[in-house]
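Let's go through some charged pairs in this model. Please have the structure open.

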Amino acid sequence: MDRNDRIKGVNMFPQTVQCIRHCSPLDQFWCTIIKLAFVPVTVGLNHSCRIRGSCRLWMVAGLSMLLFVSPLHAERPHGESADHPTVQWHEWGNEAFGRAQAEDKLIILDLTAVWCHACHVMDQTTYVNPRIVQLLNTKFIPVRVDTDQRPDLDARYRAGGWPTTNVLLPTGEILFQANALGSEEMEAMLLEVQSIYVTDKAALLKEASQLWDRVQEQVEAGPSKGQVLQAAMVKQSVEMMRAQFDPVNGGFRDAPKFFEPDAIQMVLAYGFFEDDPGLLKIGLDTLKKQVGLLDPVWGGFYRYAEQADWSQPHFEKMLSIQALNLRNYVEAFQLTGDLQYKRIALALIEYVSRFLTDPQTGLMYESQDADVRKTKGIGSMSGAEYYSLNENKRLAIGIPNVDQRVFTGSNALMAWAYLHASVVLEQVEIGDLALQMLSRLFEQRFDKNKGLAHGETGEGPNLYGLLSDHILFGQALLEAFRVTGRSQFLQHAEALAEVSRRILQDSANGGFFDHPQMPGKFGLLNFPTKPVKENLQAVLWYLDLFHLTENQAYRSIAESTLQAMVMSRQPLPLALSGLAIDQWFRIPIHIAVVGNFDDAMTKVLMMEAQRMFCPGKIVKRFDPKEGPPKWGDIILPYEERPVAFVCTDRMCSAPVFHAEDMKKSVADMMAVLRDPVQK
């Protein structure tokens, strides 16, 4: 099991909060396990931990406001046969909860992941133990949920890492949580919780009922008031990031070391805009140091490192990690022209193309395991041993399992990264692939009433309307519009923004819920929650929509969402909140290219404008044959030769006729904007 995925709480009582420092302090939600945006509430047991020999594993848990099917693809336990009964896992849904309530049984919720090494270990040890199997099948309702397939449940029921073992009341409130458990610990826990439930059932059910009453009161009360947006908040975030930076190893914590893609994006952007070499160095040094997590043979980044110097990796390779790193390294190459960043970006693309891309559809697979698990004639091999081998030896053994499911959000994230890389690295083919991905997924998974589906089963698309999918896909559609100029992508983005507003926005108090609010859900899915990370990303998306369309409604939505997050009681992630607030106050650079679309020099100017590093810039092309080149209220001068202008909302540069002069024109404009008089 991941050493940092293990819960360390002991003898915990109701209302006790245990923070698991598994997540990144910058990129995640700071892992406050029971810190609610509305009010701390807990269903707990008025007992200290009495489980023999395993007190170190337990914490009393409750509703969490960190909030952010088909049979699982989990491996059947090794050695399964008719003589060896197995756990009769239920899916999350009517049958499981109906049985739990009808038979008055606790639910054991196993939150797992296809790529999770510790989950595989539990399948091969704890969940094949005959005593555990009998207890789970006869005295409990065992439910298994895959974290990638159900991110809405992962956000509510995961504590720390994977697996998370939850004990739930028949109505879905959390009683206990732990991570991976050995057979003896699991058996002791099952016997203990069953005994406590029988003894204290009335009190527990009363607590659960009161809990929901308190939640409803807080929802009706709305968020706190009085906080206003201030540009100084950005500088405060930046200074806190400086303080958390590891100057020896890069990154923003000691150990374990996780990727901080939003932090890299923030320091590069803010360092560029404010002409701060020290801040740029923080981002660039981190990108150089974290290469210790790059597979030197096949490319692709591992999930995280146990040590502060990026050593002792956990070898899972996630599609989302590849996408976010690709964005960071391409931006570093844009900024510096340093070819080492380009080589790393190309290695990422090669890995994804070879191992995580469906050759028939071009869509992307979700992940690759850390280890090689048992196959016919070959035993298991750990990731540490396997990834130390050269290519020939790896292939002789076989490759770690690839989870071939296709999820909307992670595919959109990679499509965005591919589109950006296609322009900067001049890789036309990956840009074309990204456009095909977006078109295919939009056609197959978008419903104008329900939004986007998260994935598909044999029965078709499922789990519609997740906020995270909508935002990531919407951002990718806008990038497709920027790169190609094709109006269909902007139209799709606006259609998605409209359904998101209709089914997810809290129009009264601002912000977006993580999934549509509707009856018929179970457990903590009934809890209305606005995850801060996704809401801050929504701010960036709606601001981009405003700048591209000049539709003031999008700016209003971005403002109310940002205000709601700043006023909420949730901890704000430093980098992402800094990015959102900075972009709220910062007017983007506009680059207008005027010329015949077929003219070679027009294309050169357009390519330079797109390739140049200037975060948030808006590039627009005008063909004089289609009418006077007018952007807003400004008519751009044109003298029968291709020309570019670098503008803000208040001024434009002198004409730029040569691509090599555009970077200087942007630098001159940035110098003017940094002038205190202009600010």
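Arg-394 makes a salt bridge with Asp-295, with the closest N and O atoms 2.9 Å apart. By salt bridge I mean a side-chain nitrogen of Lys or Arg within 4 Å of a carboxyl oxygen of Asp or Glu. Arg-394 sits in helix α12 (residues 391-397) and Asp-295 in the loop between α8 and β6, so the pair ties together parts 99 residues apart in sequence. Helices (H or I, at least four residues) and strands (E, at least two) are DSSP runs, numbered from the N terminus. Both Arg-394 and Asp-295 are buried. Buried is under 20% relative accessible area, exposed is over 50%, and partly exposed is in between (1.4 Å probe, protein chains only).

A word on the source. This is a predicted model: local features need pLDDT of at least 70, side-chain atom pairs count only at pLDDT 80 or more, and totals for chains, interfaces and linings use all residues. Residues are numbered from 1 along each chain as its sequence is written, and side-chain values use heavy atoms, leaving out hydrogens and water.

Back to Asp-295. Which Lys does Asp-295 form a salt bridge with? Lys-317, the closest N and O atoms being 2.7 Å apart. Lys-317 is buried, like Asp-295.

Next, Asp-104 and Lys-201. Their salt bridge has its closest N and O atoms 2.4 Å apart. Asp-104 is in the loop between α1 (94-102) and β2 (107-112), and Lys-201 is in helix α5 (residues 183-221), 97 residues away. Asp-104 counts as partly exposed because its relative accessibility is 34%. Lys-201, at 24%, is also partly exposed.

Finally, Arg-99, Glu-103 and Lys-105 are joined in a salt-bridge network. The whole structure has 31 salt bridges.
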